[in-house]
Amino acid sequence: MKTLLTLVTIATTTLLTIGQSSIHDFKVSDIEGKEFDLASLSGKKVMIVNTASKCGLTPQYKELQAIYNKYEEKDFVIIGFPANNFMGQEPGSEEEIASFCEKNYGVSFPMMSKISVKGDDMHELYKFLTTKELNGLSDNSVAWNFQKYLINEKGQLEKVISPRTKPDDQEIISWIEGE
């Protein structure tokens, strides 16, 4: 029985790895509930960040928007995923989140529907981002709001950046600029 269970686990992991080799294999819902196919980002560098409106790190929206403005014409995009996983710091509805982001920070980069980034109800995209068997880079966990995942033009995870690292940190800027 143990051998059978091991074989089933290996087969399942292999199928998951084959089925989703990049973020381009995922479709998500944007903050307005419309389907957003991440395959549309092929050829662009992407920063995926889990966000929250009532967090001490929320002012990072300002820096995120600034680097998005600077690099969006250079095949770079930021995708925000609101999540309420850390101390209930994103309690609002999609409409409230969108209004908050626009009113307070002028956010124009794509924001997705609120998801879970950890736990039993973790979104499939975040399972991919946090599991080495799936992403090919590292096992990691989302430490807090505003953790950043840097994705190359092929949709592959290249770096995981701490929530406390500001979006305009030189490590991130160098990665965007290809230095």
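Helices (H or I, at least four residues) and strands (E, at least two) are DSSP runs, numbered from the N terminus. The views show a predicted model, in which local features need pLDDT of at least 70 and side-chain atom pairs count only at pLDDT 80 or more, while totals for chains, interfaces and linings use all residues. Residues are numbered from 1 along each chain as its sequence is written, and side-chain values use heavy atoms, with hydrogens and water left out.

**View A. Helix 3 and the residue that follows it.** Helix 3, formed by residues 94-105, has 12 residues and reaches 16 Å from its first C-alpha to its last. That span is close to the 16 Å expected at 1.5 Å a residue, the expected span being 1.5 Å times one less than the number of residues in the helix. Gly-106 follows helix 3 and has a positive phi, near 60°.

**View B. The crossing of helix 2 and helix 3.** The axes of these two helices come within 10 Å and cross at roughly 75°, where axes are lines fitted to C-alpha atoms, for helices over the stretch in contact, and angles run from 0 to 180 degrees between N-to-C directions. Helix 2 and helix 3 are therefore roughly perpendicular to each other, a class that covers 65 to 115 degrees, with angles under 35 counted as roughly parallel, over 145 as roughly antiparallel and the rest as oblique. Tyr-61, Lys-62 and Gln-65 of helix 2 make the contact with Phe-100, Cys-101 and Tyr-105 of helix 3, contact meaning heavy atoms within 4.5 Å.

View C. Four strands form an open sheet in the order 4-3-5-6, with mixed pairing; two strands pair if DSSP finds at least two bridges between them. Strand 4 (76-82) and strand 6 (157-161) stand at the edges with a single partner strand each, so one side of each is left without a neighbour in the sheet. From one strand to the next, the twist averages 20°. Strand 3 (residues 45-51) and strand 5 (residues 148-151) run antiparallel and are joined by 4 bridges, and Val-46 stands opposite Ile-151 in strand 5. Helix 2 (residues 60-71) lies across strand 3, strand 4 and strand 5, running at about 150° to strand 4.

**View D. The surroundings of Lys-27.** Lys-27 belongs to strand 1, which comprises residues 27-29. When residues up to four places away in sequence are not counted, Lys-27 touches Glu-35, Phe-36 and Asp-37. Ala-39 is 12 residues from Lys-27 in sequence, and the two are 7.9 Å apart in space, C-alpha to C-alpha.

**View E. Salt bridges.** A salt bridge is a side-chain nitrogen of Lys or Arg within 4 Å of a carboxyl oxygen of Asp or Glu, and by this rule the count comes to 4 salt bridges. One of them pairs Glu-171 with Lys-159, with the closest N and O atoms 3.6 Å apart. Glu-171 lies in helix 6 (residues 170-177) and Lys-159 in strand 6, so the pair ties together parts that are 12 residues apart in sequence. Lys-127 forms a salt bridge with Glu-124, the closest N and O atoms being 3.1 Å apart, and both residues lie in helix 4 (residues 124-130), 3 residues apart, about one turn of the helix. Glu-32 forms a salt bridge with Lys-34, with 3.2 Å between the closest N and O atoms.
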